[in-house]
Amino acid sequence: MNSDSFPTIQAILPGRIRGEKIICDCPFCDDTHKHFAYSKKGWYKCVRCNTHGGNLRKLAEMLRLEIGEYVPPRSVERKEPEIARWRLNPWELLRRYKAHPRRITAWQSYKPLTAETIERHRLGYGSLPFQRDDDSWYMSRSQWLIVPLYEDGALVALRGRNTGTRGPKWISATGSNYALWNVENVTPDSICWLTENYVDAAWLMQEHPDWSAVATGGVTNWRTAWAKQMADRRPALVVVALDNDLVGNGGRAHRKQLIRAWKTAHPGIAVPNANGPIIANDLIHNGLKTRLFRWPDNAPEKAGLDWILQGNP
């Protein structure tokens, strides 16, 4: 399959053209918000189901298209800046997020956080900076719940939580780098919970001030190097509490049912591995006492830590 075969895939998966990529509905999950993308550069990815991604030959095979290896067209790639412009001097931006008049009410409409918790974790509200294809920058018209991520004392990412019903739940400012949220505040000899959602981690520490908590920001965001960062903080115990699904802690009581549903929806596609045990093994390998959270049998499918925090057994 040479670059001239790209229209074959495009005919099967039409969508919105953005530069060298096409954004459309995912053919493999129930996504209706166009979180699936594929590119003339030879890749595809669904950010909703998280388990699908690879080269276009693999995508073609999954779509039952009889085409060979894909050869991307030659192009002059845009040289990315070493660091996003907003990261060079973010303090005015952070000040505006903190001073927004809807900051507290917007966050409390999402999760029952106190004003003290919102302040402690520097949670903000406002527009996010994005970069256009022509390298110019703009601030989004949408307002987001803002979670700043720090690494070694430097701001490395701005993550935005959507408060509406359209578009992705979470989005990152252009030039953001993933970091393990709140790892710098893990205290020695503490019980530390590792979860997906930043806000659930903050809520957990609000309810249990003696505990620490960190968050990956997504089930597939884990970096092996983060286990070393955790080990350097020397917690007494790490409890890995990803969501109660196949790609989180595994689904436990619902696992067989979830596997059957997966195989029905994705015939011929391997069942995804659970990331909770993978993370736990990384932590254990770095010398940390680690436990995988055992979801109660009555926990619903895809339950997150907020289900426990709401008072469920």
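Student: Which residue in the turn of the hairpin of β3 and β4 has a positive phi?

Tutor: This is a predicted model, in which local features need pLDDT of at least 70, side-chain atom pairs count only at pLDDT 80 or more, and totals for chains, interfaces and linings use all residues. Residues are numbered from 1 along each chain as its sequence is written, and side-chain values use heavy atoms, with hydrogens and water left out. Strands (E, at least two residues) and helices (H or I, at least four) are DSSP runs numbered from the N terminus. β3 and β4 form a hairpin with 3 residues between them, and the turn residue with a positive phi, about 110°, is G42.

Student: Which residue of β4 does A37 stand opposite?

Tutor: Two strands pair if DSSP finds at least two bridges between them. β3 and β4 (residues 43-46) run antiparallel and are joined by 3 bridges. In β4, A37 stands opposite K45.

Student: Which residue stands opposite A37 in the pairing of β2 with β3?

Tutor: Strand β2 (residues 21-24) pairs with β3 in the antiparallel sense over 4 bridges. The residue opposite A37 is I23.

Student: Are the residues of β3 that point either way buried or exposed?

Tutor: Buried means under 20% relative accessible area, exposed over 50%, and partly exposed in between, with a 1.4 Å probe and protein chains only. From β3 (residues 36-39), F36 and Y38 point one way, and A37 and S39 point the other way. All of these residues are buried.

Student: How many disulfides does the structure hold?

Tutor: A disulfide is a pair of cysteine sulfur atoms within 2.5 Å. C24 is in no disulfide, and its nearest cysteine sulfur, that of C26, is 7.9 Å away. C24 is buried at a relative accessible area of 1%, and C46 is buried at 0%. The number of disulfides in the structure is 0.

Student: What is the strand order of the open sheet with parallel pairing?

Tutor: Strands of a sheet pair through backbone hydrogen bonds, either parallel or antiparallel. β12 (residues 191-195) and β13 pair in the parallel sense over 4 bridges, and V214 in β13 is the bridge partner of L194. The open sheet of 4 strands with parallel pairing has the order β13-β12-β14-β15. Its edge strands, each pairing on one side only, are β13 (212-215) and β15 (290-292).

Student: At about what angle to β13 does helix α7 run?

Tutor: Axes are lines fitted to C-alpha atoms, for helices over the stretch in contact, and angles run from 0 to 180 degrees between N-to-C directions. Contact means heavy atoms within 4.5 Å. Helix α7 (residues 198-207) lies across β12 and β13, and its angle to β13 is about 175°.

Student: By how many degrees on average are neighbouring strands turned in the sheet with antiparallel pairing?

Tutor: This open sheet of 4 strands has the order β6-β9-β10-β11. The edge strands are β6 (124-126) and β11 (170-172). β10 (residues 154-161) pairs with β11 over 3 bridges in the antiparallel sense, with G160 opposite I171. Direction ignored, neighbouring strands of the sheet are turned against each other on average by 35°.

Student: Does H254 count as buried or exposed?

Tutor: H254 lies in the loop between β14 (237-240) and α9 (255-265). Leaving aside neighbours within four places in sequence, H254 is in contact with N244, D297, A299, P300 and E301. Because its relative accessibility is 15%, H254 counts as buried.

Student: What percentage of the chain's residues count as buried?

Tutor: The secondary structure of the chain comes to 11 helices and 15 strands. Of its 313 residues, the buried part is 47%.
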